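Let's take a friendly walk through a protein model together.

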Amino acid sequence: MTKSCHNTTVLFPPAEDMLQKKAEICPVYWAMEVAELAMKQSCGRGAFCRDGLKQLYLLIRDITEGKGTAEDVELLQELVETMSLMPECQLCDSAVALIALSLRQHERDWMAHVLRRRCAANRCPGYEKATAAAQG
């Protein structure tokens with residue numbers, strides 16, 4: 001049962017950004033922004049709201065910084081699945097649903113980050129920009 005939380009008015013990036021992904025939008029970085037916003041706005045009353053959102057953010061941040069592994073993506077998927085089965089508040093539930101959407105819709109982008117160390121949108125700080133690499 002989803003509890004009421006006083007921090008439910010957070011404006012997350014629109015889900016349409018993931019469904020109709022433009023070249024300049026990185027689904028991994030987008031998910032990190034969702035997780036960070038949710039973590040910062042969390043009421044912290046429930047374990048998933050407090051600790052789960054922080055773990056989501058830390059895992060995704062590592063991936064955007066080039067430190068992530070395929071195991072991190074698997075762990076992220078498991079955490080998202082578990083958190084979606086036991087929603088604690090609307091804020092947490094909304095954030096998890098958006099991150100799950102990114103993982104589902106753009107699995108190849110996630111795996112390119114951890115396996116090939118590439119960000120197609122040149123958005124993630126842990127990867128060389130494609131244009132800079134081509135010039136050098």
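**From a loop to a helix pair**

Start with Met-86, which sits in the loop joining helix H4 (70-85) to helix H5 (90-105). Keep in mind that the model is predicted. Is Met-86 buried or exposed? With a relative accessibility of 51%, Met-86 counts as exposed, because the cut-off for that label is over 50%. Now look for Phe-48: along the chain Met-86 and Phe-48 are 38 residues apart, yet their C-alpha atoms are separated by 8.5 Å.

Two packed helices are described by the angle between their axes and the distance between the axes. For helix H2 (residues 27-41) and H5, the axes come within 9 Å and cross at roughly 170 degrees. The two helices are therefore roughly antiparallel to each other. On the H2 side, the contact includes Pro-27, Trp-30 and Val-34, while H5 contributes residues including Leu-91, Leu-98 and Ser-102. Sorted by class, this contact has eleven nonpolar and two polar residues, with no charged ones.

Finally, turn to the cysteines. A disulfide is a covalent bond between the sulfur atoms of two cysteines. How many disulfides does a search of the whole structure find? The search finds zero. Take Cys-26, which is buried at 4% relative accessibility: its closest cysteine sulfur belongs to Cys-124 and lies 3.6 Å away, too far for a bond because the cut-off is within 2.5 Å. Cys-92 is buried as well, at 1% relative accessibility, and the closest cysteine sulfur, in Cys-49, is 5.1 Å from its own, again too far for a bond.

Technical notes:
Residues numbered from 1 in each chain as written. Predicted model: local features only at pLDDT ≥ 70, side-chain atom pairs only at ≥ 80, totals over all residues. Heavy atoms only, no water. Buried < 20%, exposed > 50% of the residue type's maximum accessible area, 1.4 Å probe, protein only. Helix = DSSP H or I, 4+ residues; strand = E, 2+ residues; numbered from the N terminus. Axes fitted to C-alpha atoms, helices over the stretch in contact; angles between N-to-C directions. Parallel < 35°, antiparallel > 145°, perpendicular 65-115°, else oblique. Contact = heavy atoms within 4.5 Å. Nonpolar A, V, L, I, M, F, W, Y, C, P; charged D, E, K, R; others polar.
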